[in-house]
Amino acid sequence: MNKKNDSRPPETDHRPNLPDLTPPELAELCARWGEKPWRGRQLAVWLFRRGAEDWDQMTDLAKNFRLKLAEGARLAWPRLEASAEDQEALKLLWRLSDGLRVESVLIRERNHLTLCLSSQVGCALGCLFCRTGTLGFTRNLTSGEILGQVLGAKRLIRPGERLTNLVFMGMGEPLLNPEAVLRSLYVLNAPDFLALGKKRISLSTVGILPGLKTLSEGPDIGLTVSLAAP
Ligand code: SF4
């Protein structure tokens, strides 16, 4: 990570965080900066296929362009703060750029490796059986914070293993954050980027109808509805 880029407090840093942009938005940003449109595609590959954490990793981008990026944009992914592993699961604690934390869990079952993702910091719904529900709601995750859990977890997978499934079933109710979930699905599903495929992505929800409507505009994913709603 470019240290200069990290030095401003998040609450006063209004530069766009590139992991939160979709590939078309990256192309638009490059066009606004007077760069060739294919620069956006290069950036998207560095971010969403390779999970670049530092402008200096983007070695096929001209140095001037990297300087422009470091000055005009942020590159903030969730940072792994702690992990705990047993036979069946690897629990991951992520620190977000504003210091808040969320969890995700990699679950090993026979031939499947499933990542359970968070979509919010805390949760407003308070289901009786759920520890997250006791925390209350703090804020929605951005699409970059959702994707960062996937890219970060992929780096921790053992040799010979492959991430086979994703489920939005960690902290938060995904259909109360449908815009960011939808934006992340475009990258998770896209053959050029994480390419998990719609049959491998599912979402657990208590059933929030406006959120379902928003999601229906996106890729076709599996949907699991939890009936344990408050
Ligand atoms: S919606 Fe999910 S995260 Fe929120 S309280 Fe219920 S079970 Fe917990």
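Accessible areas come from the Shrake-Rupley method with a 1.4 Å probe, and for residues only the protein chains shown count as cover. On that basis, the accessible surface of the chain comes to about 11,700 Å², of which 54% belongs to carbon and sulfur atoms. The structure is a predicted model, in which local features need pLDDT of at least 70, side-chain atom pairs count only at pLDDT 80 or more, and totals for chains, interfaces and linings use all residues. Residues are numbered from 1 along each chain as its sequence is written, and side-chain values use heavy atoms, with hydrogens and water left out.

**Overall form**

- The chain has seven helices and nine strands; helices (H or I, at least four residues) and strands (E, at least two) are DSSP runs, numbered from the N terminus.
- The radius of gyration is 18 Å, close to the 17 Å that the globule rule gives for 230 residues, so the chain is as compact as a globular protein of that length. The radius is taken over C-alpha atoms, and the rule is 2.2 Å times the number of residues to the power 0.38.
- The C-alpha trace spans about 55 × 40 × 35 Å along its principal axes.

**Burial, contacts and charge**

- Of the 230 residues, 49% count as buried, where buried means under 20% relative accessible area, exposed over 50%, and partly exposed in between (1.4 Å probe, protein chains only).
- Among contacts (heavy atoms within 4.5 Å) with a separation of 6 or more, 57% join residues 24 or more positions apart.
- There are 31 positive and 26 negative side chains, and the centres of the two sets lie 4 Å apart. Lys and Arg count as positive and Asp and Glu as negative, while His and the chain ends are not counted; each charge is placed at NZ of Lys, CZ of Arg, CG of Asp or CD of Glu.

- Ser184 is in helix H6 (residues 178-189) and is buried, at 0% relative accessibility. Beyond its neighbours within four places in sequence, Ser184 is in contact with Ser143, Ile146, Leu147 and Phe168.
- Gly72 lies in helix H4 (residues 63-72) and is partly exposed, with a relative accessible area of 22%. Leaving aside neighbours within four places in sequence, Gly72 is in contact with Arg15, Pro16 and Trp33.
- Gly72 and Cys130 are 58 residues apart in sequence and 41 Å apart in space, C-alpha to C-alpha.

**Confidence**

- The mean pLDDT (the predictor's confidence in each residue, from 0 to 100) is 89, and 93% of residues reach 70 or more.
- Over residues 1-5, pLDDT stays under 50. Where pLDDT is low, the predicted coordinates should not be read in detail.
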